[in-house]
Structure formats: structure tokens, C-alpha cells
Amino acid sequence: MKKKLVSALLCSAMVATMFAGCGSDKETGASAGGTEAGATVEAGEGSVYLLNFKPETDQAWQDLAATYTEQTGVDVTVVTAADGQYKTTLQSELAKSDAPTIFTIGSKSDAQEWVDYTYDLSDSALYSHLTDKSLAIENDGIIAGVANCYECYGLIYNKTILQNYIDNYEGAVISSIDEIDNFDTLKAVCEDINSNVDAINEACGTELTEAFASSGLDSGSNWRFSGHLAGIELYYEFKDAGCDLVAGQSEITGKYLDNFKNVWDLYVNTSAADKATLDSGALNAEEELGMGEAVFYQNGDWEYAAFSNPENGYLVTTDDLSMMPIYFGVDDANEGLAVGTENYWAVNSKASQEDIDSTLAFLEWVITSDEGRTAINTEMGLTAPFDTFTGDFASQNGFAAMANEYAAAGKTSVAWSFNATPAVDDWRADVIAPLTEYTERGGSWDDVATAFVDQWAYYWAEENK
Amino acid sequence: MGDKSPAPLILSGRVEKGTVMEKAIRKYFPIFALPTLLAFTIGFIVPFLYGIFLSFCEFTTVTDWSWVGLKNYTKIFVVNGTLDTSFLHSMWYTALFTVVSVCIINIMSFIIAMALTKGIKGTNLFRTVFFLPNLIGGIVLSYVWLMIFNAILQNFSKTIVTSQWSAFWGMVIVVCWQQIGYMMIIYIAGIQNIPGELIEAAKIDGANAWQLLRHVTLPMLMPTITICTFLTLTNGFKLFDQNLALTGGNPGKLSQLLALNIYDTMYGTSGWQGIGQAKAVIFFILVAIIAVVQNKLTTSKEVES
């Protein structure tokens, strides 16, 4: 008798655990079928779950979510994946029953991978507010993602030091910063600065050690070259080929790889960092520029926050800094900054219709309400690509302003062609390996070129089978 | 409270048949075992079986799969008609790493354990100090060592990932530094368990230090050696944190041990989740076979004192 009682107890305990596990579903599954599509309640009756990509914006998103819940009563959950762990987190979160309703995709390749999960945003308010429709990802006939910010990259330079060099150093090879509008001049200036560092320091009272900040080949920095610098090569190549600049094409020829090599050689040869140990991970290029040791630094406008934050203790302020295009020696006269994005919002098509409606309403609120716009513009420091961000809500990022300045001067912004990269992490790793060999141990440049071209076609074929 | 009668019961580890105790244990055993059993089932058996199933599927998330049969397994070795050697490379690289680290860790920790059971001054301090590295997590430890290595190698214009062999020895050093202390503790416990009279008898019979070690200490330590080799062997094969933090698989993917190779396949390559899963299954079978064989081999050498 007792035995039976015990086993009955155990069984019920087991069953209870199982029900407890399922109980947290909030009955989304049950109510999903019974919902009338297009419920008219403005904020929606579902809930919103945002899986945030940028760790630095976590707090701002949490606050914004709380404000929205307070105003509308709709539950908004924001979870931020740890740096570099987005894909891992997304993969496990999407498998849950309470899956994210908004997630971030970075490229067409991502859109292909998540094709079963992307909701068509073409009728959304989000898409209609998007100023430049090329900042959306089209895949499989639907609008799979809409950019939530756009960014620019180029050569960040210290204009104060550069002007100082022109004014006070006798041997200066230029008489005005504006003269640096092509690769050859840039090269001449960098080589001059790097080889006469001591004389310049004496004449100008600067603390320079190099022209270019170190070009780290460790994983924390090598994307600047395998991604962004390579992106310029891809841009010119796609432009010649006449294909979509961001979607790319199945094969590349590496037509402008010599230019890539010239720029890369300039980076490493006019820097104080030991060429043989660039992959040590011990280099901090941002700090080199921030402490006034370097004049040039290839990176993007997201660095603006780092230089404007006094807590970082940098001697250089944002007033000293500006950004110029990465002159590639192809069409320097018309080249602007590289403008694009790697951050697209996608809405989970597997969520219930209620949740999708709430999610779209939430996103609309984010880009149209004062609270949302302030959060994105000021607290997160992003430049939003929507027509609602005007006047007080225009970007305060000095580098982003430079992008507009170049565009206004008739230069063509370089598209982020590296977004087309197939199997992006693999391809980049395959390019970085021979590039490291070439730079550190005198390997052949041909290996870099071969990897660049062959691996592209290889991964492209692999992905589009 | 001076009654010592329950003590033998606990020490012997088994309960006499027919006693009240035995009946009670039999009756309530499920209550005690069930929570653990449940946790084990949910946390291990179910994911394990599900993982094997997924290795035959193409999937983006674990709930969204389609059956593809053996395709994942063939794709590990042959991609687009060409041989992909990255997994094979990781395999022998890992095997070599494991052999080297098992040898060094066990020999070193045995020597240290011998030294620290001789009753020299400061024995406790030494034991604590040698054990300490084990308390630091693999990632943190590796970052610290990464700085040390690179600071030294900088003088020679090299880094830890200059070649796959510098990466190899870097990992060996870190893993040894971390695990020697742990194995040392187990060896010390083993050595202290050797009955003093055996050693004394051998000494009276005129055995020298070498003979004592060879014919008394080592045979008596076989159970300990079984445990330590098992632990170091599986640790070597499963090594992940140190690999990720210290070399990240660089240069290229040449210093990827198996676990990192699987992780990289799973998360680094889009659409390759199934192949990563298939690699994981092969990995499991491999480690299981080796562990069983090793266990058989060393257990057979164990002796009763």
C-alpha cells in the first residue's frame, strides 16, 4: 500500500513539474489561433520581446521599454546578448516558446539563414518612415529587415595635430589639410610624419609616435580590415560590375586588390607597432589616437562616443577629430565616407499575430515618439535612418555629420558592400590568415588574393545551394 | 554517544541483507534518487538523444529541423567534392595535445606529490600554492597567460599564435599549470594510503629507492593513476576555454582543438549547425572509446593490498 502511495506521489510530483514548465507560456499558443488578424487596438494586446544586439545600448532600451509599458500597459521585454554572442543567444532564444519578437540581422546572408523567421515588413510604418529604402534587406520577395541605424566609417584623423604639423614643421609636405584628397598625398603625409616623428614632436610640441594607429590583426580588431577595408575593394568592384552594391554577386575578381594592398602596407608601414606581432591582441589603436600618439585611425562613427566620453581619460577631444574617406586610389575625387549599416530589425514571423501587431506598434512608437527618438538619438548615440528624426533629433555624431558634409560636397558615399559577404565570419577568417602571414612573416600577397577571390565563390556557392 | 556500532555500517558502504536499514533504503530509494534522476534526464539524457537525432537533420533552431539523413556526416569530410581536412587536422592535433598534456601533468604531479609527502617543512603551504591555479577559471587564466606569453615573445617579434606549434605549447603550459595541482592532491591522497608496513618490509628486505618506487609505490598507486589519467585524458580532449581564450584557433584554424572546431562549425558558419552536431556525435564516440579503453588498461594493473 505504502509503496503505491509513494509512487503515486512521485508521479504527481513529476507531472506537476512538467506543467509548471509549460505554465509560463502565457497561453500564447492557445490564443494565437483565435485572434482576428489586424486587431484594432493601437498598442496591441500581445507582448513585445526585443533581443538587443548592442550591449552599450542595453540600459537605454530597458528604460525605454519601461516607459512604454507605463504608457500603454503592453509588456516589453528587452534582453541584450553578450558581446559577440548574439548568434548563439538568438539561436537558443528563437527555439523557445516565448521567442523574441524583434531580433537583429546583419546582412542578406543572415536573412537567408533566418528566412523562416522573418516577417514581411513592407506594409509596416517602420518601413514607410525609412528615408532610404536601400537600407532595408529584401529577401525571398519580402522586406526581411529594416535598418535601425546607419553608420559611417573612414579614416578618423586628428586635425589639430595635422594643422600643427603644417604650421610649425618646416618640412611639411602639404600646406593645407584639404590637400589630402587622394591616396598619394595621404601616403606622402603619413610617410613623412612617421619617419620624422622626433623632429615633428620637437617643432610642434606633440607626443607623436607614429602616423597610423596600430592595425591589430587579433579578432578584436581585424574586422576593420577584413570587413571594412575589404568593403571598399568590393564596392569598386561591384560598381564596375554593375551589380547591386550591397547584395553583391556570386564571384569576385579581386580587381582592386592591389589598392587594398597599398592601403594596408601604408597602415602597417607608417605605424610604430611591430609588424610581426600585430595579432598579439595587446594593441589598443583607439588609445593611441586618443592619447595623441597617432594621427590616423581607420574606424567608424561609433568611436565618437568613446572620444566624447571624459571617463576614458583621452587627451584628444572630439573637437580635434574629423573623418576622411579611405582614399583607395581608384576614384578618390568622388569618394565619400562609407555609409551603411549592419543592424537591421527583423520581426519574428513565428510569433502570434497579436504579438506581431504589438511589436510593430512598439517599433513605430520608438521612432515617432519623443521618448523613443531621444533615447535613440541621445542616449544610444545612433543615427537613425527615419524621416521622423529631424530638427532636435538630428544626429549629434560629429563623424556622421562629416558623412553628410562629404555627400553635400558632391562626393558619393561608399555603400557597405561587405554586407554581401557570404559566410561572413568564415570568409573573413580565411582572408585574415594569409594577410597575417603576409604581414608578420613575409608570406606571399598572392595567397591573400587567392583566398579573397576563391573563398568568396566557395562560400557563395555553399550558401546558395 | 560513545556507541560506535553504526560506524562499520557506513564505512563498509554496503548494508547487510534483511536488516531494517536495508528495507528502509529499498523503500525510500526512489525519493532520494528521483530528483537527481530527473535532473539527469532533463539535463543530460534528453538533450543527448535529441542531439544525436539532430545530427541527421538540417536546422536553424533546435525546434525547426528537416531530416537529411547522413548528409551532415559526409559533409564533415567532403565539401563540394573536395576533401575538407580541418576536422581531421583538429583530430590529430587534439590527440597529440592530449598525449603530451597527460604525460606531463601526471609525471609532474606525481613527482610533486612524492616530494610533498616526505614531511618537508612548509608542506601545507606548498600544497595550497600548487593547488591554487585550479581555482581560477580557464578563460581568466588564459588571458593572464596570454599577456605573459606575448610580453615575452614580443622580444623575439613573435606572438603565441605565430605558428600552430607555439600555440600548441602555449596551451600545454597553461593546462599543465592549471591541472598539476589538482592531480597532485589526488596523488598525495593515494600515496598516504599506502600502508607503512609495506614500505618498511621492503626496506628491511633491502630494496633501494628505485625498487621501492617500482615495486611498491607504483603498483599500490594504480587506482589513483587510473583516476588521474582518466581525468587528464578527458580534460585534454574536451579542452575548450583555454583554447578559445589563448589562441582562438589561430593562426588560421590550425590550433583549433576538437571542441573549438565543433563550436566554430556550429556558430561560425551559417547553415552548418547540423554538421556541427554531427561532429559532436563523432567526438562523443571517440572520447567514449578512448576513455573506456584507458580505463580497462589501467584498471587491469590494479592490485589489492
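Biologist: Where in chain A does S369(A) sit, in which loop?
Modeller: This is a predicted model, and S369(A) counts as partly exposed in it because 16 C-beta neighbours lie inside 10 Å. Its C-alpha is 52 Å from that of A276(A), which is 93 residues away in sequence. The place of S369(A) is the loop between α14 (353–368) and α15 (370–379) of chain A.

Biologist: Is D140(A) buried or exposed?
Modeller: D140(A) is in the loop between β4 (136–139) and β5 (142–147) of chain A. Its phi is positive, about 60°, although D140(A) is not a glycine. Most residues other than glycine have a negative phi. Because 11 other C-beta atoms lie within 10 Å, and a residue with 12 or fewer falls in this class, D140(A) is exposed.

Biologist: And A423(A), buried or exposed?
Modeller: A423(A) also has a positive phi, near 40°, and is a residue other than glycine. The loop that holds A423(A) runs between β11 (412–415) and α17 (424–441) of chain A. The cut-off for burial is 20 or more; because A423(A) has 23 other C-beta atoms within 10 Å, A423(A) is buried.

Biologist: How many residues does domain 1 of chain A give to the contact with domain 2 of chain A?
Modeller: Chain A is divided into domain 1 (10–149 + 341–389) and domain 2 (152–339 + 401–420). Their centres, taken over C-alpha atoms, are separated by 35 Å. On the side of domain 1 of chain A that touches domain 2 of chain A there are four polar residues, two charged and no nonpolar. Domain 2 of chain A gives six residues to the contact, and the number from domain 1 of chain A is six.

Biologist: How many residues does the largest nonpolar core have?
Modeller: Those with the most contacts inside this core are V146(A), V295(A), F296(A), L337(A) and F362(A). Domain 1 and domain 2 of chain A both give residues to the core, so it lies between them. Another core, apart from this one, has 38 residues, among them W145(B), M184(B), Y187(B) and A259(B). For the largest nonpolar core the count is 139.

Biologist: Which residues is V146(A) in contact with, leaving aside neighbours within four places in sequence?
Modeller: V146(A) is one of the residues with the most contacts inside the largest nonpolar core. With the neighbours within four places left aside, the contacts of V146(A) are L121(A), L126(A), Y127(A), L130(A), A136(A), Y344(A) and W345(A).

Biologist: What is the radius of gyration of chain A?
Modeller: Chain A comes to 18 helices and eleven strands. For its 465 residues the globule rule gives 23 Å, and the value for chain A is close to that, so chain A is as compact as a globular protein of that length. The C-alpha trace spans about 95 × 50 × 50 Å along its principal axes. The radius of gyration of chain A is 25 Å.

Biologist: What radius of gyration does chain B have?
Modeller: The secondary structure of chain B comes to twelve helices and four strands, and its C-alpha trace spans about 70 × 65 × 35 Å along the principal axes. Of its 305 residues, 27% count as buried. A compact globule of 305 residues would have a radius of gyration near 19 Å, but the value for chain B is 24 Å.

Biologist: Which element gives the most to the side of chain B that touches chain A?
Modeller: In the contact, 26 residues of chain B meet 28 residues of chain A. Elements giving two or more residues to this side of chain B are α2 (20–54), α6 (138–153) and α11 (258–268) of chain B. By class, the side has nine nonpolar, 15 polar and two charged residues. With four residues, the element that gives the most is α2(B).

Biologist: Which element of chain B has the lowest mean pLDDT?
Modeller: The mean pLDDT of chain B is 87, with 93% of its residues at 70 or more. Over residues 1–12 of chain B, pLDDT stays under 50, and the model has one contact beyond four places in sequence for this stretch. Helix α4 (residues 86–115) of chain B has the highest mean, 94, whereas the lowest, 43, belongs to helix α1 (residues 6–12) of chain B.

Biologist: What ipTM does the model score?
Modeller: The pTM is 0.79, and the ipTM is 0.74.

Conventions:
Residues numbered from 1 in each chain as written. Chains lettered and ligands numbered in written order. Predicted model: local features only at pLDDT ≥ 70, side-chain atom pairs only at ≥ 80, totals over all residues. pLDDT = per-residue confidence, 0-100. Contact = placed C-beta atoms within 7 Å. Nonpolar A, V, L, I, M, F, W, Y, C, P; charged D, E, K, R; others polar. Core = buried A, V, L, I, M, F, W, Y, C linked by C-beta atoms within 7 Å. Domains from an automatic or database assignment. Rg over C-alpha atoms; globule rule 2.2 N^0.38 Å.
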